[in-house]
Amino acid sequence: MSLNEEERKRTREELRANLRLSGADPEEIAAELGFTARRLDDTLDVTEASGPQDVWLLRDHLDDLVTERGGTPVPYTVLTERARLAASAWFPLRRAPRRGRGN
């Protein structure tokens with residue numbers, strides 16, 4: 001499953017919007033996910049260097065952060081639950097660190 005340029009752009013905007021809503025420091029997020037600063041930037045920007053598993057992991061982590069802080073995440077137009085089912089057929093998805101804490 002690969003994204004075209006328009007899908008990458010929308011996903012980039014949605015990830016960045018949820019990062020802002022989370023109020024979290026990017027360094028905090030990188031540490032929680034075990035990412036380097038570069039890996040987090042690549043994943044946020046949905047570049048060719050970002051792995052699809054990382055994009056899904058970041059998506060879920062940001063959703064969890066926004067929800068934990070009482071907000072409503074910006075919905076994803078490409079990384080939908082239906083797309084998750086298709087993606088999981090292509091590669092294993094990892095569970096975000098905050099998943100399972102009552103979310």
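Is V46 buried or exposed? V46 is buried, with a relative accessible area of 4%, where buried means under 20% relative accessible area, exposed means over 50%, and partly exposed lies in between (1.4 Å probe, protein chains only). The structure is a predicted model, in which local features need pLDDT of at least 70 and side-chain atom pairs count only at pLDDT 80 or more, while totals for chains, interfaces and linings use all residues. Residues are numbered from 1 along each chain as its sequence is written, and side-chain values use heavy atoms, with hydrogens and water left out.

The overall plan may be considered next. The protein contains five helices and zero strands, and from the N terminus its elements follow the order α-α-α-α-α. Here helices (H or I, at least four residues) and strands (E, at least two) are DSSP runs, numbered from the N terminus. Of the 103 residues, 41% count as buried. The accessible surface of the protein amounts to about 5800 Å², and 52% of this belongs to carbon and sulfur atoms; such areas come from the Shrake-Rupley method with a 1.4 Å probe, and for residues only the protein chains shown count as cover. Among contacts (heavy atoms within 4.5 Å) with a separation of 6 or more, 75% are accounted for by residues 24 or more positions apart.

Attention now turns to one pair of helices. Two packed helices are described by the angle between their axes and the distance between the axes. For helix α3 (residues 37-44) and helix α4 (residues 52-68), the axes come within 9 Å and cross at roughly 85 degrees. The axes are lines fitted to C-alpha atoms, for helices over the stretch in contact, and the angles run from 0 to 180 degrees between N-to-C directions. Angles under 35 degrees count as roughly parallel, over 145 as roughly antiparallel, 65 to 115 as roughly perpendicular, and the rest as oblique. The helices α3 and α4 are therefore roughly perpendicular to each other. On the α3 side, R39, L40, T43 and L44 meet D54, V55 and L58 of α4. The residues of this contact comprise four nonpolar, one polar and two charged; Ala, Val, Leu, Ile, Met, Phe, Trp, Tyr, Cys and Pro count as nonpolar, Asp, Glu, Lys and Arg as charged, and the others, Gly among them, as polar.

Which residues of α3 are buried? They are L40, D42, T43 and L44, and what covers them includes α1 (5-22), α2 (26-33) and α4.

The loop between α3 and α4 holds V46, the residue of the opening question. Its phi is near 50 degrees, a positive value in a residue other than glycine. D45 lies in the loop between α3 and α4 as well, and at 25% relative accessibility D45 counts as partly exposed. Leaving aside residues up to four places away in sequence, D45 touches R12 and R16. The C-alpha atoms of D45 and R12 are 5.2 Å apart, although 33 residues separate the two in sequence.

Helix α4 supplies two further examples. H61 belongs to α4 and is buried, with a relative accessible area of 0%. Its side chain makes a polar contact with the side chain of E32 (2.6 Å). A polar contact is a pair of N or O atoms within 3.5 Å; within protein, one must be able to donate a hydrogen and the other to accept it, and residues adjacent in sequence count only if both atoms are side-chain atoms. D64 is also found in α4 and counts as buried at 4% relative accessibility. The C-alpha atoms of D64 and S22 are separated by 8.6 Å, with the two residues 42 apart along the chain.
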